[in-house]
Amino acid sequence: MADSSAYQLSIVLVGIFFLVLPSITAADDASAPTGEIANCTNDFRLVKINRWVDGVEKEPIGGLTADFGAILPALAKQGNRLPATFSAPLNSCSLSTSKLSGSIAIAVRGECIFTAKAQVAQAGGAAALVMINDDEGLLQMGCGNETNLNITIPVITISKSGGEELKKSMDGGAKVELLLYAPNRPILDYSVIFLWMMAVGTVVTASLWSEITGSENSDERYNELSPKESDAAAAKQEEDKEILHINTKSAVVFVITASTFLLLLYFFMSSWFVWVLIVLFCIGGIEGMHNCIVSLVMSSKCKGCQKKTVNLPLLGEMTILSLVVLICCLIFAVVWAANRKASYSWIGQDVLGICMMLTVLQLAQLPNIKVATVLLCCAFLYDIFWVFLSPYIFHDSVMIAVARGDKSGGESIPMLLRVPRIADPYEGYNMIGFGDILFPGLLVSFSFRFDKANKKRILNGYFLFLTIGYGLGLAFTYLGLYLMDGHGQPALLYLVPCTLGTCVVLGWIRGELKQLWSYGTSSETPAAGEA
């Protein structure tokens, strides 16, 4: 940490880097089927496949039913535990030479239509057919134009990775048994409420941070994060507090940079690339957590905390408080990275992410609604294009594919908040991208500063209404997620109208839109520069 300016700028740059990564709200499970919807009568339903290898129960695999064939039971106790057998040929397009009677046939996609595979498996005496997709995600298997089908066995599809798990066990000669059932999902999982509270809480806390920590200490805490400087340098820094002022040009740069980087992730994503993101996330999380803890301690009027210093190589002179907090934050991040695949790792990821976002929202600011309109509208179009329109060009939703980590070698991308689903039998996580908090958070934070500068009361200001708008936008996002069967949603599609739209309409009704639009342009002279 060479000086306070470099320290603060590094936090902002890491935060902005994560803005160009996937900004999406999604459910991390098997609930995002892809493919054409056919005209048969069965509903596409998620499936749980309990499996045993040589009698030892393993992690279940997710699947999706076809719109033809028998209906699976809703309870595991109503299903049958049967041995799994590969079809021969493996594509199940012709009568199998392997014995399928009384077993669950395993086939791969390709060579013939889905109904033909099911008919071959049924003719061989199979109790069910499990088809392995040739890609990640679950394929909706339709019956095409056929109307006179007599398929009486359940037919389901599983993802490529799920099929590889089965193949690995069966190729080794182990006895694999499967039990298929389709439990009902709850309309609302409690994790959505918790995730909503985390997102809204982060935006509100970031907006009120100067009030929480005490305005008289707001400048002093930044000096505590770096080595002590001379009085002259400190005085200059007091005047030139490092704030990244966003301007209209940033929006265009953002769209170009974000789109380029997203395509790089889509085409060249690998496990080592994800590790680069993990390291960057840890750096941003450490700096953010360090800043938040030191700020809170300093706000408690700990008189002796800032007086005890130590001189260290490379770091120079810094307070003992800052050093101890830095070491603790470093240990926290390392422990999270080492245990990032554990069931409890979401806690550490959320703590690091929230601390980083709180700090970014302190150091990056929107000057007025003009800049907010350009930035949020560009982000709005960016989100919609890469989620909904990119499949027409790349035959896949680029944003969802990157967020899902299809080519990441089993590593998950860390730039999101996630909470495990509690009541959902299919488990998995509900998630929200950092961009869905930071972009609206910049606008909500601006509204609080505007209200404070103009001495507006809570009902006459904008902060309360934009906070409510953000909360409603998130609620609409999760409603869309539910109505679209878990298909990843571009959250900014809902958040931008509910926040920016609320601000513009409210300003127009009050006759303050012109003031909001050009606020700060006449006297603003950014000390640290613009982005």
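Here are some notes on this predicted model, point by point.

1. Ground rules. Because the model is predicted, local features need pLDDT of at least 70 and side-chain atom pairs count only at pLDDT 80 or more, while totals for chains, interfaces and linings use all residues. Residues are numbered from 1 along each chain as its sequence is written, and side-chain values use heavy atoms, with hydrogens and water left out.

2. Overall make-up. The protein chain comes to 18 helices and 14 strands; these are DSSP runs numbered from the N terminus, helices being H or I with at least four residues and strands E with at least two. Of its 531 residues, 52% are buried. Here buried means under 20% relative accessible area, exposed means over 50%, and partly exposed is in between (1.4 Å probe, protein chains only). Take the contacts between residues at least 6 apart in sequence: 76% of them join residues at least 24 apart. A contact is heavy atoms within 4.5 Å.

3. The main core. The largest nonpolar core has 95 residues, and Leu 366, Leu 417, Ile 432, Leu 443 and Tyr 470 have the most contacts inside it. Helix H9 (residues 271-299) gives the largest share of this core, 11 residues. A nonpolar core, by the way, is a set of buried Ala, Val, Leu, Ile, Met, Phe, Trp, Tyr and Cys residues joined through side-chain atoms within 4.5 Å. Another core, of 25 residues, lies apart from the largest one, with Val 53, Val 108, Ile 132 and Tyr 426 among them.

4. A closer look at Leu 417. Which residues does Leu 417 touch, not counting residues up to four places away in sequence? The list is Leu 195, Met 198, Asp 350, Ile 354, Met 357, Asn 430, Met 431, Ile 432, Phe 434 and Ile 437.

5. The disulfide. A search of the whole structure turns up one disulfide, where a disulfide is a pair of cysteine sulfur atoms within 2.5 Å. Cys 93 and Cys 112 form it, with their sulfur atoms 2.1 Å apart. The link is left-handed, with -90° about the S-S bond. The pair links distant parts of the chain, 19 residues apart: Cys 93 is in the loop between strand E4 (82-86) and strand E5 (104-108), and Cys 112 is in the loop between E5 and helix H2 (114-123).

6. Cys 93 counts as partly exposed because its relative accessibility is 26%. Cys 282 has 11% relative accessibility, so it counts as buried. Cys 503 also counts as buried, at 2%.

7. Most residues other than glycine have a negative phi, and most peptide bonds are trans. A few spots here deserve a look. Ala 88 and Pro 89 are joined by a cis peptide bond, with omega about 10°, and Pro 89 is found in the loop between E4 and E5. Glu 111 is not a glycine, yet has a positive phi of about 80°; Glu 111 lies in the loop between E5 and H2 and counts as exposed because its relative accessibility is 73%. Lys 455, not a glycine either, has a positive phi of about 55°. Lys 455 is found in the loop between helix H15 (435-453) and helix H16 (463-483), and at 75% relative accessibility Lys 455 counts as exposed.

8. Cavities. How many cavities of 30 Å³ or more does a search of the whole structure find? It finds four. The largest cavity holds about 90 Å³ of space. Its lining has 13 residues, of which Asp 43, Thr 65, Ala 70, Ile 71 and Leu 72 lie nearest its centre. By class, the lining has nine nonpolar, two polar and two charged residues. For the terms: a cavity is a set of points on a 1 Å grid, over the protein atoms alone, where a 1.4 Å probe fits but cannot get out, and lining residues have an atom within 4 Å of a point. Grid points are joined across faces, edges and corners, and the volume is the space filled by probe spheres set on the points. Ala, Val, Leu, Ile, Met, Phe, Trp, Tyr, Cys and Pro count as nonpolar, Asp, Glu, Lys and Arg as charged, and the others, Gly among them, as polar.

9. Trp 517. Trp 517 is found in helix H18 (residues 513-517) and is partly exposed, with a relative accessible area of 38%. Trp 517 touches Asn 368, Ile 369, Lys 370 and Thr 373, not counting residues up to four places away in sequence.

Terms used: On a 1 Å grid over the protein atoms alone, a cavity is a set of points where a 1.4 Å probe fits but cannot get out, and a pocket is an open set with protein on both sides within 12 Å along at least five of seven lines; lining residues have an atom within 4 Å of a point.
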